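Colleague: I would like to learn how to read a few features of a model, taking one residue or element at a time. Could you take me through some of them with the structure open?

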Amino acid sequence: MEEVDIDPFEPFPIDSHLPEETTVLTFRALFIGCLLGALVNASNVYLGLKTGWTFSANMFGAIFGFAFLKFCSKTLTDTFPLFGGTTFGPKENAIAQTAATAAGGFGGIFVSAIPALYQLNLLSKTPMEDFTRLLTFTIVSAYYGLLFATPLRKFFIIYVARELRLIFPTATATAMTIRSMHAIGSNAATAAKQKTRALALTFTGSLIWRVVSQYAPGILWDWHIFLWFYQWSGYSNHAIHIDNWGWIIEWTPAFIGTGLLVGLNPAISFFCGSVLAWGIIGPALVHAGICHGIPREGFENDPKWSQVMNFSSFKLENAKDHPSPRYWLLWPGVLIMITASFTELGVQYKLIWHALKCAWRAMAIGTNNFAKEHTGRSIKLLEKSERINTEEYHVDDIAGPEEQVAMWMWGPPLAICIVVTCIILGLQYHLEIGMSILAIFLGFIFAFLAIQCNGATDITPLTTAAKATQLVLGGAASGSGYAQDVSQRLNLIGGAIASGAAGQATDLVVDFRVGFLLRTPPRQQWLAQAIGSIIAVFIAPGMFILFIKAYPCVIDLHADKCQFSAPSVQAWRAVAIAVTDPAFPVPTSSAIFALIFGLLGVCGVLVRHYYLIGPHREKYRVYVPNFMAVGLAFVLPQTHYGTAMLMGALISYFWAKRSPVSFDTYCYAVAAGAIAGEGMGGVVNAVFQVAGIAGEDGRGTAVGCPYNLMC
């Protein structure tokens with residue numbers, strides 16, 4: 001295929017060498033896409049509870065979807081008509097990745113708001129008792145986001161993409177990967193096979209590694225190097241104090257893979273945030289007597305292990321006046337994430353204002369066209385908005401009327417979904433209709449902003465959307481006389497509705513962008529998204545219930561040890577408590593530091609955006625920390641994730657320098673396979689835990705682990 005200059009705001013040129021695709025929305029594309037998405041969904045529950053981050057299924061679905069569908073189209077033509085028999089091309093590949101993205105989504109609320117509800121005892125004792133209301137909540141949130149995002153395709157991809165420079169980097173990279181794998185020629189075919197093989201090998205290897213390592217975690221997974229030094233010294237040196245603060249190495253494929261993707265700046269920011277929080281500030285607070293550790297139960301009278309301390313406990317009798325370092329550091333971490341994300345959004349005020357004007361223009365045109373068609377007259381008030389010149393930024397929509405999602409497909413169902421949402425929130429979660437409508441409205445507003453941010457920066461600010469919704473709902477409920485538990489439930493459920501809908505809406509528009517570049521009919525993509533969402537609304541709560549059954553410590557605030565630190569849960573719970581507790585349970589010193597730290601985040605964003613510009617200063621932007629990553633490090637007491645991410649980023653940096661061709665071929669595939677493989681291995685481990693055959697059930701070895709106990 002000849003190299004041509006590609007306009008990122010126009011569909012890819014038609015490749016005359018590719019056969020015409022007669023059928024795009026096929027059973028095999030939906031089946032394989034939903035299967036791949038289900039794997040990612042299950043992985044995301046594991047990864048989200050571990051670290052607070054989840055990952056999109058776009059690239060995973062695109063590459064693995066290509067491999068499976070290519071095999072089906074070549075070998076199953078006669079034996080299995082549903083899987084063979086039609087030409088396989090980029091458009092069908094786009095349908096598979098769309099179904100994968102939909103089926104892999106909506107796990108975010110189950111690693112944030114929902115566990116926080118259980119930690120605060122605002123729902124039943126266990127998630128299994130609440131399966132029905134968790135399911136109905138997931139359904140209305142998913143389809144509310146899907147339906148109201150449908151008309152936003154034309155707005156964000158056709159009307160304002162060029163004007164606002166909305167590239168949608170992940171979507172564009174996915175579309176280009178699909179296009180390159182389908183290119184005709186020996187080099188293209190070889191590259192496609194190499195990517196598929198790399199993805200399959202790293203996925204399988206990471207899965208096996210995660211499962212096997214649970215039987216010898218001190219050898220294969222966690223390296224407690226400073227604890228080993230302490231033991232080798234005859235239990236006499238001070239290396240035990242470093243291990244107390246969590247400084248270990250963990251061989252986690254998921255976060256080494258994440259480091260391959262994110263680059264040096266976020267990885268260094270995350271690692272340095274861990275050093276600052278858990279290597280400098282935390283020990284200084286304990287030394288000054290401001291914070292306190294808790295001796296590990298059972299080792300107080302053991303001379304070898306009497307110095308073992310737990311600095312990350314939430315089991316506190318007087319958290320405000322006698323906090324643990326983890327509780328003290330939680331508030332600065334949450335506040336800097338909120339202030340940095342809001343400032344990142346605020347500096348784009350011109351784009352946001354312009355986007356709102358464009359939205360008004362589109363609404364004016366649509367309303368006037370409707371009025372002219374049915375009354376023969378236009379609305380004079382809207383005529384001025386209609387006359388705004390848009391020729392400079394015009395983008396042709398290659399999808400004809402018959403390929404568009406008709407209004408009857410999304411309009412009436414959206415109205416029904418809103419009514420049903422209000423009913424479910426009222427009956428099952430005891431929210432008043434006014435608060436339910438406010439949460440739904442905030443979901444729409446933040447979806448609009450999240451889509452724009454994703455298009456411009458490849459970052460979906462769901463943290464901003466969630467925290468802003470919690471703050472607005474907290475303010476709305478403050479004068480209503482609600483009991484504290486009712487206010488907290490309202491706060492968390494309302495925030496979950498808004499962030500879940502915003503996430504689902506962003507996924508759909510990102511998929512529309514992939515389809516636009518590959519000339520895939522949007523109606524077919526919309527149907528694939530709707531079908532994939534059916535899988536997501538069952539998989540996400542099901543996986544959450546499985547993990548809570550295997551690891552009940554996730555929803556137990558008083559558990560001293562848990563394999564899942566659930567940092568997003570901590571942040572959601574902290575905001576819910578702060579905006580509803582009249583006593584304001586934050587230590588005074590922590591609150592003061594949080595304000596200073598949050599201001600630092602604001603200043604950093606402003607300096608990068610307004611000062612580090614132009615040919616002479618812009619190159620220094622890479623040295624400004626990623627304050628979201630720094631804040632996450634404060635919330636997350638496990639320092640080994642920052643270390644693993646830094647390892648991956650360094651590998652990525654030197655790999656790209658030394659061998660850019662192999663880096664371009666393999667990097668995304670290796671990273672996606674590592675992330676999804678470990679996540680799926682975590683699901684297998686949870687099943688083993690429930691079945692009683694896990695490493696912790698006396699079937700593994702504790703060699704290399706602290707205190708001769710399984711780690």
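Modeller: Gladly, and please keep in mind that this is a predicted model. We can start with Phe564, which sits in the loop between helix H22 (522–550) and helix H23 (567–580).

Colleague: Is Phe564 buried or exposed?

Modeller: Buried means under 20% relative accessible area, and Phe564 has a relative accessible area of 5%, so this residue counts as buried.

Colleague: Which residues is Phe564 in contact with, leaving aside its neighbours within four places in sequence?

Modeller: With those neighbours set aside, the contacts of Phe564 are Tyr46, Leu49, Lys50, Phe547, Tyr551 and Val554. Sequence separation is worth checking as well: Phe564 and Leu47 are 517 residues apart in sequence, yet their C-alpha atoms are 9.0 Å apart in space.

Colleague: How should I read the packing of H1 against H3?

Modeller: Two packed helices are described by the angle between their axes and the distance between the axes. Here the axes of H1 and helix H3 (residues 90–103) come within 7 Å and cross at roughly 35 degrees, and the crossing is right-handed. Residues making this contact include Gly33, Cys34 and Gly37 of H1, together with Ile95, Ala96 and Ala99 of H3.

Colleague: And which residues make the nonpolar surface patch?

Modeller: Phe27, Phe31, Leu35 and Leu82 make the patch, which covers about 410 Å². Phe27 belongs to helix H1 (residues 27–51), and because its relative accessible area is 41%, Phe27 is classed as partly exposed.

Notes. Residues are numbered from 1 along each chain as its sequence is written. This is a predicted model: local features need pLDDT of at least 70, side-chain atom pairs count only at pLDDT 80 or more; totals for chains, interfaces and linings use all residues. Side-chain values use heavy atoms; hydrogens and water are left out. Patches are made of residues with over 30% relative accessible area and no salt bridge: like charges are joined within 9 Å, nonpolar side chains (Val, Leu, Ile, Met, Phe, Trp, Tyr) within 5 Å. Accessible areas come from the Shrake-Rupley method with a 1.4 Å probe; for residues, only the protein chains shown count as cover. A salt bridge is a side-chain nitrogen of Lys or Arg within 4 Å of a carboxyl oxygen of Asp or Glu. Helices (H or I, at least four residues) and strands (E, at least two) are DSSP runs, numbered from the N terminus. Buried means under 20% relative accessible area, exposed over 50%, partly exposed in between (1.4 Å probe, protein chains only). Axes are lines fitted to C-alpha atoms, for helices over the stretch in contact, and angles run from 0 to 180 degrees between N-to-C directions. A crossing is left-handed if the near helix is turned anticlockwise from the far one by less than a right angle, and right-handed if clockwise. Contact means heavy atoms within 4.5 Å.
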